[in-house]
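Subject: Structure for your review

Dear colleague,

Please find below the structure that I am handing over to you. My notes on it come after.

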Amino acid sequence: MPFEYTKEGNNYKYLSNGKWQLSVSNKFISVLNPVDNSLVGKIQDVSKKEIDEVFKIAKSSQLQWQEIPVNKRAEILHKAADLMLKNKLIIAEILMKEIAKPKSAAINEVERTADLIKYTAEEGLRISGEIVEGQCFYKNEKRKTAFVNRVPFGVVLAISPFNYPINLSYSKVAPALISGNSVILKPSAQGAISVIYCAELFLEAGLLPGVLNIVTGNSSQIGDYLVSHKDVDMVAFTGSTEIGKRISSLAVMKPLLLELGGKDAAIILEDADLDLAVKECISGCFSYSGQRCTAIKRIIAVGNIGNKFSDKFVKEAEKLKVGKPEDNSNICCLINKKAVDYIQELVDDANKNGAKQLLFKTRKNNLIGPIVLDNINNKCRIYYEEQFGPVAVIIRVRDKNEAIKIVNDSEYGLQASIFTNNINDAFNIASKLNVGTVQINGKSDRGPDNLPFSCVKNSGLGTQGIKYSIEAMTRIKSIVLNLN
Ligand code: NAP
Ligand code: G3P
């Protein structure tokens with residue numbers, strides 16, 4: 001059973017060729033619980049030589065994997081997803097310890113990912129090619145027929161962030177595997193243990209050795225080496241814009257999927273259903289303590305709705321439970337001290353530059369917030385920068401046009417929300433917002449995971465979402481028959 005193979009003492013192994021291994025480097029990274037800094041476990045700091053070996057294995061096993069019929073690959077994914085569901089409480093327990101995710105959100109992450117894997121398995125059965133006839137094209141005298149297929153890239157390098165370790169790892173692994181790629185997965189150090197646990201479930205489900213490999217280590221040491229490795233055929237990355245830009249500069253001529261930072265705005269029009277807008281914005285700003293790429297990071301209150309909105313919003317924010325993940329608290333510790341210090345820095349800067357602080361509930365160790373800042377203006381850093389924590393930012397504007405301009409002035413373009421009862425306004429504004437997705441009368445949100453998840457500007461490149469991820473992890477190959 002899981003962990004029997006993956007662990008020796010406190011040390012979690014890395015996965016290569018279907019076997020859990022201890023690195024010869026004898027160097028480890030400690031994964032600490034953000035709540036009390038206690039040791040959750042140690043992960044391997046793998047050497048470059050070991051990385052070369054993993055690439056060699058991933059490359060050769062991919063050739064066997066792509067020959068296995070897609071229905072067999074789908075069966076394995078279904079089994080792995082069933083095992084995740086069976087073990088969901090154990091996985092959620094690890095998530096609570098590693099990343100301080102509230103219990104119900106941690107369980108939800110596992111269930112959601114199992115659903116995603118199953119849906120991906122089904123969608124994979126529908127990957128199909130087409131036949132394109134070329135004979136009618138201008139001056140084409142030959143009769144040509146193209147058999148157009150989707151084929152795997154080869155070895156996919158998947159790099160995932162700390163905030164959804166399971167979801168954002170296996171939403172890369174599942175589409176890559178179903179379409180015949182092999183995967184080298186590098187999870188965030190904080191989150192790696194839950195990812196390792198799930199990988200063991202894939203092995204138990206019957207995955208061919210070497211098709212899913214996991215390397216762990218110090219990103220500043222191995223990150224560039226992995227990304228620029230000659231045997232990488234495609235890179236799928238989720239994380240900060242800073243690292244995403246670095247990856248895109250290193251992965252020259254390699255297909256890339258990048259899901260990066262955001263500064264999602266919620267525009268509240270004067271005719272909005274205020275109760276709904278407040279409820280969605282509370283959840284949008286504070287779920288998982290604001291550590292979501294799709295968190296609402298700016299609330300733009302239009303015209304005279306500002307005071308009514310902020311009064312109601314603060315009353316609801318005050319009710320949020322601050323405490324431990326096990327108690328299902330709404331606000332739990334942030335991932336580390338650096339993250340808390342950054343939030344404090346942005347709040348201090350805003351207060352110096354004319355913000356009105358309506359609420360600042362807690363500050364103790366890695367626990368901070370909930371915080372509500374009103375009257376944010378363009379002198380404040382938080383007007384532009386991505387706060388990755390429980391801070392709601394309210395910006396007051398005169399009219400819809402000013403709201404649209406502020407949304408579009410950002411370096412980011414992930415999602416935006418519009419709250420209104422006027423469907424014409426909703427669609428008119430939505431068409432002018434330069435983002436990947438616009439939500440009408442709902443918070444910004446990635447799920448359900450089969451919807452397209454796309455972005456513009458510094459929020460990333462490419463589109464995810466089950467069918468779209470499969471497309472992004474395959475290329476078109478044609479075989480043309482010439483009839484003379
Ligand atoms: P991060 O610091 O950029 O780390 C993301 C991943 O990259 C981790 O596995 C990290 O490993 C690794 N990494 C760090 N330096 C690297 C390098 N030089 N080369 C290769 N890999 C490297 O991001 P995070 O703090 O985990 O996540 C928060 C950020 O992710 C936020 O900006 C958030 O908006 C964004 N995010 C975006 C989406 C989306 O779908 N658009 C979803 C979730 C999160 P270590 O952690 O071990 O250093
Ligand atoms: O930040 C991670 C992203 O995947 C969030 O997902 O469903 O909470 O919007 P969701």
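This is a predicted model: local features need pLDDT of at least 70, side-chain atom pairs count only at pLDDT 80 or more; totals for chains, interfaces and linings use all residues.

Residues are numbered from 1 along each chain as its sequence is written, chains are lettered from A and ligands numbered from 1 in the order in which they are written, and side-chain values use heavy atoms, with hydrogens and water left out.

**Pocket**

The largest pocket holds about 1600 Å³ of space. (On a 1 Å grid over the protein atoms alone, a pocket is an open set of points with protein on both sides within 12 Å along at least five of seven lines; a cavity is a set where a 1.4 Å probe fits but cannot get out; lining residues have an atom within 4 Å of a point. A volume is the space filled by probe spheres set on the points, which are joined across faces, edges and corners.) Its lining comprises 45 residues, with Phe162, Gly239, Ser240, Ile243 and Lys338 nearest the centre. Helix α8 (241–250) is among the elements that supply at least two residues, and α8 gives the largest share, six residues. (Helices are DSSP runs of H or I, at least four residues; strands are runs of E, at least two; both are numbered from the N terminus.)

**Cavities**

The whole structure has three cavities of 30 Å³ or more. In the largest cavity there is about 100 Å³ of space. Of its 13 lining residues, Leu116, Arg446, Asp449, Gly465 and Ile466 are closest to the centre.

**Helix α13**

In α13 (residues 423–432), Asp425, Ala426, Ile429 and Ala430 are buried. (Buried means under 20% relative accessible area, exposed over 50%, partly exposed in between, with a 1.4 Å probe and protein chains only.) These residues fall within an arc of 125° seen down the axis, so they line one face of the helix. (The arc is that of the directions from the helix axis to the C-beta atoms.) On the other side, Ile423, Asn424, Phe427 and Ser431 are exposed.

**Pro34**

Pro34 sits in the loop between β5 and β6 (39–44) and is buried, at 3% relative accessible area. Beyond its neighbours within four places in sequence, Pro34 has contacts (heavy atoms within 4.5 Å) that include Lys97, Gln190, Cys333 and Asn366.

Yours sincerely
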